[in-house]
Amino acid sequence: MQPKKQTVPFKGTPEQEKALKDAIHQLKEEKGALMPVLQKAQEIYGYLPLEVQKIIASEMDIPLEKVYGVSTFYSQFTLNPKGRNRISVCLGTACYVKGSGDIYNALMEKLGIVGGECTPDGRFSLDACRCVGACGLAPVMMVNDDVYGRLTVDDIDGILEKYQ
């Protein structure tokens, strides 16, 4: 059973909004300005929640649907916040055959989130990836820049404790 989708409340500051609006006004007249504006917004906020997309649409006088479409089309953008500790489980062939799907499912259950989400306390976010280049250590997961290999579901609690 997968946990139900969590929502982390948006916590933008007036300073962040001012920085975004300043960036928009600098870039707005350039051809193809939406991409650099979205990149700047993600740099400022760390992700592109609906509230930020609405500011961009309003300030650039373009439909929200266009902002959303570009935000969801390109993999460099994320609509969900990332945790202080970013967990990435490899679901590439070598890792998957050796049980990474079970590890990924166990992490969703233990953290109470689904892939692509962040825990409500902001401590962990969880994503799947296709290959981290450590197939000889399969199954593999990363927490930030730390690589953990030859994992079993029983290893998860010990690893998570290191990041509490």
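This is a predicted model: local features need pLDDT of at least 70, side-chain atom pairs count only at pLDDT 80 or more; totals for chains, interfaces and linings use all residues.
User: Why is the aromatic pair of F10 and Y45 called tilted?

Analyst: The ring centres of F10 and Y45 are 5.7 Å apart, and a pair requires centres within 6.5 Å. The angle between the planes is 40°; stacked applies under 30 degrees and edge-to-face over 60, so the pair is classed as tilted. F10 belongs to the segment before α1 (14–27) and Y45 to helix α2 (residues 34–45), 35 residues apart, and the pair thus links distant parts of the chain.

User: What makes the pair of F73 and Y74 edge-to-face?

Analyst: The planes of F73 and Y74 stand at 85°, with ring centres 4.9 Å apart. Edge-to-face needs an angle over 60 degrees, so the pair of F73 and Y74 receives that label.

User: Why is E117 called buried, and what does its side chain reach?

Analyst: The relative accessible area of E117 is 3%; buried means under 20%, so the label applies. E117 sits in the loop between α6 (100–111) and β2 (124–129), and its side chain reaches the backbone nitrogen of V114 at 3.0 Å. A polar contact requires N or O atoms within 3.5 Å.

User: How do you know that β1 pairs with β2 and with β3?

Analyst: Strands pair if at least two bridges are found between them. Strand β1 is joined to β2 by 6 bridges, in parallel, and to strand β3 (residues 141–143) by 3 bridges, antiparallel. I87 has L126 in β2 as its bridge partner, while V89 stands opposite M141 in β3. Strand β1 (residues 85–90) is also mostly covered, with 5 of its 6 residues buried.

User: How do you know that C90, C95, C131 and C135, listed by UniProt under "binding site", gather at one spot?

Analyst: The listing comes from an unreviewed UniProt entry. The four residues span 46 residues in sequence, yet no two of their C-alpha atoms are more than 9.3 Å apart, so they gather at one spot. C95, in helix α5 (residues 93–97), has contacts that include C90 and V140.

User: Is C95 buried or exposed, and what makes C135 partly exposed?

Analyst: C95 has a relative accessible area of 2% and is therefore buried, being under 20%. C135 is found in the loop between β2 and β3; its value of 44% lies between 20% and 50%, so it is partly exposed.

User: Why is the contact of K82 with D127 called a salt bridge, and what does the pair tie together?

Analyst: The closest N and O atoms of K82 and D127 are 2.8 Å apart; the limit is 4 Å, so the pair qualifies. K82 lies in the loop between α4 (64–73) and β1 and D127 in strand β2, so the pair ties together parts that are 45 residues apart in sequence.

User: What makes R123 and D121 a salt bridge?

Analyst: Their side chains meet at 3.9 Å, N to O, which is within the limit of 4 Å, so the pair is counted. By this rule the count comes to 7 salt bridges.

How values were computed:
Residues are numbered from 1 along each chain as its sequence is written. Side-chain values use heavy atoms; hydrogens and water are left out. Rings of Phe, Tyr and Trp (its six-membered ring) pair if their centres lie within 6.5 Å; planes under 30 degrees apart count as stacked, over 60 as edge-to-face and the rest as tilted. Helices (H or I, at least four residues) and strands (E, at least two) are DSSP runs, numbered from the N terminus. Buried means under 20% relative accessible area, exposed over 50%, partly exposed in between (1.4 Å probe, protein chains only). A polar contact is a pair of N or O atoms within 3.5 Å; within protein, one must be able to donate a hydrogen and the other to accept it, and residues adjacent in sequence count only if both atoms are side-chain atoms. UniProt positions are given in the numbering used here, feature names are shortened, and annotations may be inferred rather than shown by experiment. Contact means heavy atoms within 4.5 Å. Lists of a residue's contacts leave out its neighbours within four places in sequence.
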